[in-house]
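Good morning, and thank you for making time for this presentation. I would ask you to look at the structure on the screen before we turn to its ligand.

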Amino acid sequence: MVARALAAVRRGYDTVPSPNIWHWPEVYETENRAQDADGEIWRVLGGLVDWSGRDVVDVGCGDGFHLPRFAATARHVTGVEPHPPLVRRARARVAGLDGVEVLAGSAQRLPLPDASVDVVHARTAYFFGPGCEPGLAEADRVLRPGGSLVIVDLDVRHRPYGDWMRVDLPRYDTAEVDAFFARQGFTNCAVQTVWRFASRDDLAAVLRIEFSAKVAQRALAEVTGLSLPVGYRVLHRDKPTGLLT
Ligand SMILES: C[S@@+](CC[C@H](N)C(=O)[O-])C[C@H]1O[C@@H](n2cnc3c(N)ncnc32)[C@H](O)[C@@H]1O
């Protein structure tokens, strides 16, 4: 599944296939609830960027799982999502929350004016490495000077999850992805998280939407309890505040 997504970004397709959340949104909700159980990613994001009282856009917001968290302190939050059923689900999730909207759009064509937001956030969406340059340029367009782009993605260097990913993604080149984002001016923070599930059935269901059948079976056998460590990279770069002289 991830292989198709990476290939789509490299080929410049407008929408990157995301079978996990497109076909199994309820299981993906279980996954989102299990992810980052101890809040490490949020802790790191909070140390990099202050979004309180600011305007935030979540690119590839899926069904809007992260929007309420931003909305708790931000001035305004916009979720942008290309898959129409997820746009509808995200709108239903945030209905009744002040200062939150969900727009149809993509990373390459954000439906927002120039210099209109302070923080662009994307989590496991579109920004996977080489090929995502149009989205990086678009994020720069909508950011105000001094604004921040933060990208959260899985890191295949961390075991055991990364080992399973590499079986399904034999051509994925971590060093190439790191070098790409470094060339684009990002800092890269490795974050170790824990995914914690309520039951083995939930764990199995999530592994099945993330991996090929064979790898999911192996992964389930290798996880003995209800939790597993999963590594991420959190990438960050600020838009310059003015012209360099
Ligand atoms: C794995 S899901 C993650 C969703 C959400 N960020 C989350 O963490 O719950 C990836 C999302 O990226 C969306 N997506 C696909 N192509 C995209 C593009 N070109 N620009 C922005 N988002 C895209 C998919 O429709 C899907 O909702």
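A word on the source. This is a predicted model, in which local features need pLDDT of at least 70 and side-chain atom pairs count only at pLDDT 80 or more, while totals for chains, interfaces and linings use all residues. Residues are numbered from 1 along each chain as its sequence is written, and side-chain values use heavy atoms, with hydrogens and water left out.

To return to the ligand, a backbone N or O atom of Gly 60 lies 2.8 Å from a ligand nitrogen atom. His 66 contributes a polar side-chain atom, 3.1 Å from an oxygen atom of the ligand. On its own the ligand has 590 Å² of accessible area, and the protein covers 98% of that (areas by the Shrake-Rupley method with a 1.4 Å probe).

The shell around the ligand comprises 25 residues, each with a heavy atom within 4 Å of it. Asp 14, Val 16, Gly 60, Glu 81 and Ala 107 are the closest. By class, this shell holds eleven nonpolar, eleven polar and three charged residues; here Ala, Val, Leu, Ile, Met, Phe, Trp, Tyr, Cys and Pro count as nonpolar, Asp, Glu, Lys and Arg as charged, and the others, Gly among them, as polar. The helix α2 gives the most to the shell, with three residues; helices are DSSP runs of H or I with at least four residues, and strands are runs of E with at least two.

Next, the cavities. The space taken by the ligand is the largest cavity. A cavity is a set of points, on a 1 Å grid over the protein atoms alone, where a 1.4 Å probe fits but cannot get out; a molecule sits in it if more than half of its atoms lie within 2 Å of its grid points. The largest cavity holds about 700 Å³ of space, the volume being that filled by probe spheres set on the points, which are joined across faces, edges and corners. Its lining numbers 44 residues, those with an atom within 4 Å of a point. Ser 18, Arg 123, Thr 124, Ala 125 and Phe 128 lie nearest the centre of this cavity.

How values were computed. Polar contact = N/O pair within 3.5 Å; in protein donor to acceptor, adjacent residues only side chain to side chain. 1 Å grid on protein atoms, 1.4 Å probe; cavity = no way out; pocket = protein on both sides within 12 Å on 5 of 7 lines; lining within 4 Å.
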